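Hi everyone, thanks for having me.

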Amino acid sequence: MAGVTAATAHRRRAHGAFAGRPWGVAPTALLLLGAIYCLFPVFWVLIAATKSPGELFSTPTLAFGTGFFDNVAELFAYRDGVFWLWAANTLIYAGGGALLSTAVSAVSGYALAKYRFPGRNAIFNLLIGGILVPAVVLAIPQYLLFSQIGLADSHWAVLLPQILHPYGIYLARVYAAAAIPDSLLEAGRIDGAGEGHLMTRVALPLMVPGMVTIFLFQFVAIWNNFLLPFIMLGDDQKFPLTVGLFTLLQAGANQPALYNLILTGALLSIVPLIALFLTMQRYWKTDLSSGAVK
Amino acid sequence: MRRPGRGAWPYLFLTPAIVLFTLFLAVPIAYTVYLAMHRTRVSGLGLGKGARREVFVGFDNFAAALADAELWQGWLRVLGYGALVLVVMLGLALLFALLLDSARVRLARFSRIAIFLPYAVPGVAATLLWGFLYLPSLSPLKAVLDVDYLGATTVTYSMANVAVWGGTGFNMLVLYTALRAIPRDLYEAARLDGASEVQIALRVKIPMLTPAIVLTTVFSIIATIQVFTEPTALRPLTNTISSTWSPLMKVYRDAFVTGDLYSAAATSIVIAAISLFLSFGFLRVVRDRAFREG
């Protein structure tokens, strides 16, 4: 009986493959359309950034221009090289913030996954509940509180509020639960290792792949954040690239002569993230419980 | 000296997270609530010390926010924009995830990476790229569809396109990851029963994906209601976007341009309440339906 069903199914599938030739390529074609849609603006700005101000309006859209290096030089000279400062600030905010965030998430996730203690669920729910609090409720009071202690418009005002990340804690907990065998911790305890020692020498090394994922997500989130630095900062020497680009756009939107500067700035501010993203492909996961078993 | 027992360690590990939670979440929330229930009263001519006092006004600011016509217009705009973004973005994310998961697709890796790529582009940069693509003087899109992409009615669609472009990849990845976790033998069983790939997608995969679809929808609702970056970054390029286009933009204007922190706090709580209401409402609808069907 089973053999008959399988044979029918097989025949049907073979039949489908012949009759449905156009259908066979449809999924691939749809996905490629999606890919083109997603790549097009990036590809366009790559070309636009190579054009001199004159070429931008006169040459065909998809023809490379001759002004790329002039554009870059002009951008780096803009207001005494403020673009460099924006890039450096972004690196401080995103790099430093993501490092601290990963550390806090990993330690919290490990504690929540591997210890049984009163209040465990309450603390977990409280920390995770933070994800439901809209950023808008936080940004204004955070600004006011920072200005009361004289730290608004400082690097700290952008760095500190972005360390706690509910999703990071959630991922770390899931990863710790899957990647750290209880038996290993017990063996360590029998050997007389302290809890702090167990965390730094046994647990955290096992959590490194998960921590890379958390770092990447947080790095991108901080790099892309606009609202918080926009509200906190007034001094353009402390701007990250997002806010810097916005001020560049505000200054140049009505002056077509500045368009090439803005487009080059946009290109240079997305290149590092795209590079990071392509080189770290295998760490971009949203489900860490399956990744740990491999 | 006695070493602390194992009981104290998890709390020690969780201390950084709890301190950050208190400083950057709990205190700001409490402060917002406080501000939302107060207002400055000016007595006499408003001169001299003590002429301006902060007084408790209960729910007056909330009543004012709910009666504010400008804010309502913002809500209507965001409702239209949000519905469009949610349906198209999540629809495409689901379609792409299902296509990637079907065995017949070629170049799947390339498409997956390309569609996820916009996730690495900051919202400001994405808006800037598309904004320039919409500009009549530069637009290669004119060749596709000759309309004013930044006109009074078209601007909503143009902005929705930026959000769809930026958000589809991440949601696709979440759904795709969830799809990969479904046991393959379920499909084999359906295939033996003669189900086609499309039937398997509709009858097996989508029902199994429900939790992931619900999760992505809730987070997309929260993010969409708080739309700020796209309209703010598009403003320099067109005069069709007012400074109060979205509710969050009005909060920003109240707080930092008009200097009315009390109204801003009340409005931000209203925004938070509405986004939580819609998220939980959505969860409820989904749960009720699941129960009825089960």
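Let's start with one stretch in this predicted model. Residues 78–101 of chain B are 100% helix and 0% strand, with end C-alpha atoms 33 Å apart. Why pick that stretch? In UniProt, an unreviewed entry gives it the feature "transmembrane region", along with residues 12–37, 113–135, 155–179, 209–228 and 261–283 of chain B. Take residues 12–37 of chain B as well: this span is 96% helix and 0% strand, and its end C-alpha atoms lie 36 Å apart.

How many helices and strands does chain B have? The count is eleven helices and two strands. With a radius of gyration of 25 Å, well over the 19 Å that the globule rule gives for 294 residues, chain B is more spread out than a compact globule. Its C-alpha trace spans about 85 × 75 × 45 Å along the principal axes.

What about the inside? In chain B, 45% of the 294 residues count as buried. And if you take contacts between residues at least 6 apart in sequence, 69% of those in chain B join residues at least 24 apart.

Finally, over to chain A. Here too UniProt, in an unreviewed entry, annotates "transmembrane region", including residues 29–49 and 90–112 of chain A. Residues 29–49 of chain A are 95% helix and 0% strand, with 30 Å between the end C-alpha atoms. For residues 90–112 of chain A, the figures are 100% helix, 0% strand and 32 Å.

Terms used. Residues are numbered from 1 along each chain as its sequence is written. Chains are lettered from A and ligands numbered from 1 in the order in which they are written. This is a predicted model: local features need pLDDT of at least 70, side-chain atom pairs count only at pLDDT 80 or more; totals for chains, interfaces and linings use all residues. Helices (H or I, at least four residues) and strands (E, at least two) are DSSP runs, numbered from the N terminus. The radius of gyration is taken over C-alpha atoms; the globule rule is 2.2 Å times the number of residues to the power 0.38. A residue is buried if 20 or more other C-beta atoms lie within 10 Å of its own, exposed if 12 or fewer, and partly exposed in between; C-beta atoms are placed from the backbone. Two residues are in contact if their C-beta atoms, placed from the backbone, lie within 7 Å. UniProt positions are given in the numbering used here, feature names are shortened, and annotations may be inferred rather than shown by experiment.
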